[in-house]
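Please keep the sequence and the structure in view while reading.

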Amino acid sequence: MDAFDRLESVIASRIGGDPTQSYVAKLHARGTAKIAQKVGEEAVECVIAACGNDRAGLIGEAADLIFHLTLLLQTQGIALDDVRAELTRRDGLSGIAEKASRPKE
Ligand SMILES: N=c1c2ncn([C@@H]3O[C@H](COP(=O)(O)OP(=O)(O)OP(=O)(O)O)[C@@H](O)[C@H]3O)c2ncn1[C@@H]1O[C@H](COP(=O)(O)O)[C@@H](O)[C@H]1O
């Protein structure tokens, strides 16, 4: 089990727990919109760190983003394996070619 799987597992174990003891339980109790807001905030913090060439900061903010995104996915019944499957589906498919194949609007 890698760090991503362990994170997913510990998040699942905390949901519904005591919000005074668990940040996951506390944030989950605040609902999907609040969790989504946190994902947005952490994404912006990644952008700021990257634009400032702050490597260590970016690694930390990326971990915060992945943590909050994993929680958001769980609230929607989406597992990391679902994301892995989508990445696998895209493997080898050029982003340029994929965009060119989209129906014209
Ligand atoms: N990876 C993380 C993780 N990354 C960031 N954070 C917390 O995310 C919070 C983000 O801080 P912010 O100031 O942005 O948010 P905030 O204090 O809620 O502020 P507002 O949203 O109220 O404005 C901090 O409390 C961090 O400690 C995390 N909290 C938990 N985990 C993982 O989740 C596991 C379970 O945590 P608990 O549920 O707390 O036991 C832990 O063992 C870790 O593996």
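The pLDDT is the predictor's confidence in each residue, on a scale from 0 to 100. For the protein chain the average pLDDT is 96, and 100% of the residues score at least 70. The complex as a whole receives from the predictor an ipTM of 0.90 and a pTM of 0.93. This is a predicted model, in which local features need a pLDDT of at least 70 and side-chain atom pairs count only at pLDDT 80 or more, while totals for chains, interfaces and linings use all residues. Residues are numbered from 1 along each chain as its sequence is written.

**Overall form**

Helices (H or I, at least four residues) and strands (E, at least two) are DSSP runs, numbered from the N terminus. The protein chain has six helices and zero strands. The table lists values for the whole chain.

| Property of the protein chain | Value |
|---|---|
| Radius of gyration | 16 Å |
| Box filled by the C-alpha atoms, along the principal axes | roughly 50 × 35 × 35 Å |

The radius of gyration is taken over C-alpha atoms, and the globule rule is 2.2 Å times the number of residues to the power 0.38. A compact globule of 105 residues would have a value near 13 Å. A residue is buried if 20 or more other C-beta atoms, placed from the backbone, lie within 10 Å of its own. By this criterion, 10% of the 105 residues are buried.

**Helix α4**

Helix α4 covers residues 55–75, and its end C-alpha atoms are 30 Å apart. The buried residues of α4 are E61, L65, H68, T70 and L71. These buried residues pack against α1 (3–14), α2 (23–29), α3 (32–51) and α5 (80–90). Just after α4, G77 adopts a positive phi of about 70°.

A residue is near a molecule if its C-beta atom, placed from the backbone, lies within 6 Å of it. Surrounding the ligand are L7, V10, I11, R14, S22, Y23, V24, A25, K38, D64 and F67. The elements α1, α2 and α4 each give two or more residues to this shell. The largest share, four residues, comes from α1. By class, the shell holds seven nonpolar, one polar and three charged residues. Here Ala, Val, Leu, Ile, Met, Phe, Trp, Tyr, Cys and Pro count as nonpolar, Asp, Glu, Lys and Arg as charged, and the others, Gly among them, as polar.

Key
Expected span 1.5 Å × (residues − 1). Buried ≥ 20, exposed ≤ 12 C-beta atoms within 10 Å, placed from the backbone. Contact = placed C-beta atoms within 7 Å.
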